[in-house]
There are 2 protein chains.
Amino acid sequence: MQYNNIAMGITKTEHFTDEQNQLAVLAKALGHPARIAILEYLLKVNTCICGDIVSELPLAQPTVSQHLKELKNAGLIKGSIEGNSICYCINEVGFEKIKSFFQEITNHLEKKKTQCC
Amino acid sequence: MQYNNIAMGITKTEHFTDEQNQLAVLAKALGHPARIAILEYLLKVNTCICGDIVSELPLAQPTVSQHLKELKNAGLIKGSIEGNSICYCINEVGFEKIKSFFQEITNHLEKKKTQCC
DNA sequence: AAATCATATCGTAATATTGCAATATAATAA
DNA sequence: TTATTATATTGCAATATTACGATATGATTT
């Protein structure tokens with residue numbers, strides 16, 4: 001079978017709205033247990049350095065570093081240089097976006113209590 | 001380089017809690033613009049069949065079918081047979097789980113207003 | 001029964017993600 | 001200056017995801 005004119009495996013982001021794509025990026029960043037664990041840890045300790053997370057999680061340092069990068073790119077955490085280490089913490093901006101999406105859904109669902117399937 | 005004893009590319013779910021894994025599954029299901037679009041459409045029309053979504057989205061029928069399957073597996077939508085078509089709608093159970101996760105985060109963040117980075 | 005309609009599944013190609021060893025970088029300490 | 005410490009980047013292997021044509025399945029209609 002040939003798919004010469006179709007880029008397989010690539011998400012067709014251009015067909016969706018910016019908001020849909022943004023939400024998907026945020027959700028995708030949350031779509032890994034290690035990243036959920038990192039966020040939960042950050043919520044608990046408020047602030048920490050990468051090394052703390054490496055000792056907390058059963059993953060190698062490069063792997064943790066990569067997950068941190070993805071969370072940062074998605075806008076879910078922030079990092080600032082502090083001496084020779086980097087201080088990470090939750091970025092409230094990203095969470096506000098997701099939260100408002102779920103708020104809308106919840107509002108919608110509460111309005112129509114009509115059972116469907 | 002050799003990684004004979006390491007399953008590369010595979011998420012190490014066994015090292016995380018059930019709750020962390022469950023949340024990740026839900027978030028991952030939301031991590032694609034097409035699936036966001038499907039959910040938004042379902043919220044708008046309350047109930048619809050697969051064919052409606054195929055005409056709505058710029059994706060082929062098997063692709064939509066696959067996305068619907070993932071949303072269903074994650075517990076975000078429900079489907080019930082209705083004649084020779086299938087009626088899909090939002091599954092509130094899944095959304096409740098995600099919503100409570102974000103509620104917890106929001107509560108946490110509001111308590112400690114200490115600036116970190 | 002045969003045709004039609006709606007959806008799912010299979011097979012496959014292409015890209016993305018996950019994970020870690022090795023290495024690079026950059027700041028601090030000796 | 002030379003360790004040492006902390007994090008990021010590179011490179012690569014393995015698995016996962018995305019997308020769709022072809023086809024199967026299963027109900028409805030003719």
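## Phosphate contacts of DNA strand C

In this predicted model, a polar side-chain atom of B:Ser65 is placed 2.7 Å from a phosphate oxygen of DNA strand C, which falls under the definition of a polar contact as a pair of N or O atoms within 3.5 Å, where within protein one atom must be able to donate a hydrogen and the other to accept it, and residues adjacent in sequence count only if both atoms are side-chain atoms.

## The surface near the DNA

There are 34 residues around DNA strand C, and B:Met8, B:Gly9, B:Gly51, B:Ser65 and B:Tyr88 come nearest; a residue is near the strand if one of its heavy atoms lies within 4 Å of it. Of the atoms of DNA strand C that come within 4 Å of the protein, 65% belong to sugar and phosphate.

At least two residues of this surface come from each of α4 (61–74) of chain A and α3 (50–56), α4 (61–73) and β3 (85–90) of chain B, with helices (H or I, at least four residues) and strands (E, at least two) taken as DSSP runs numbered from the N terminus. The most is given by α4(A), with 5 residues.

## Relation of the two protein chains

Chain A is superposed on chain B by a rotation of 180 degrees with 0.0 Å of shift along its axis (RMSD 0.0 Å), by least squares on the C-alpha atoms of residues with pLDDT of at least 70 in both. The two copies are therefore related as by a two-fold rotation axis. Of the contact residues of chain A, 96% recur in chain B, and the same surface thus serves both copies; contact means heavy atoms within 4.5 Å.

## The interface between chains A and B

The contact takes 49 residues from chain A and 47 residues from chain B. About 4400 Å² is buried between the chains, 71% of it from carbon and sulfur atoms, where buried area is the accessible area (1.4 Å probe) that two parts lose on being put together, summed over both. Polar contacts join 6 residue pairs between chain A and chain B (both at pLDDT 80 or more). On the side of chain A that touches chain B, α5(A) supplies the largest share, 10 residues.

## Conventions

Residues are numbered from 1 along each chain as its sequence is written, and chains are lettered from A and ligands numbered from 1 in the order in which they are written. Local features need pLDDT of at least 70 and side-chain atom pairs count only at pLDDT 80 or more, whereas totals for chains, interfaces and linings use all residues, and side-chain values use heavy atoms, with hydrogens and water left out.
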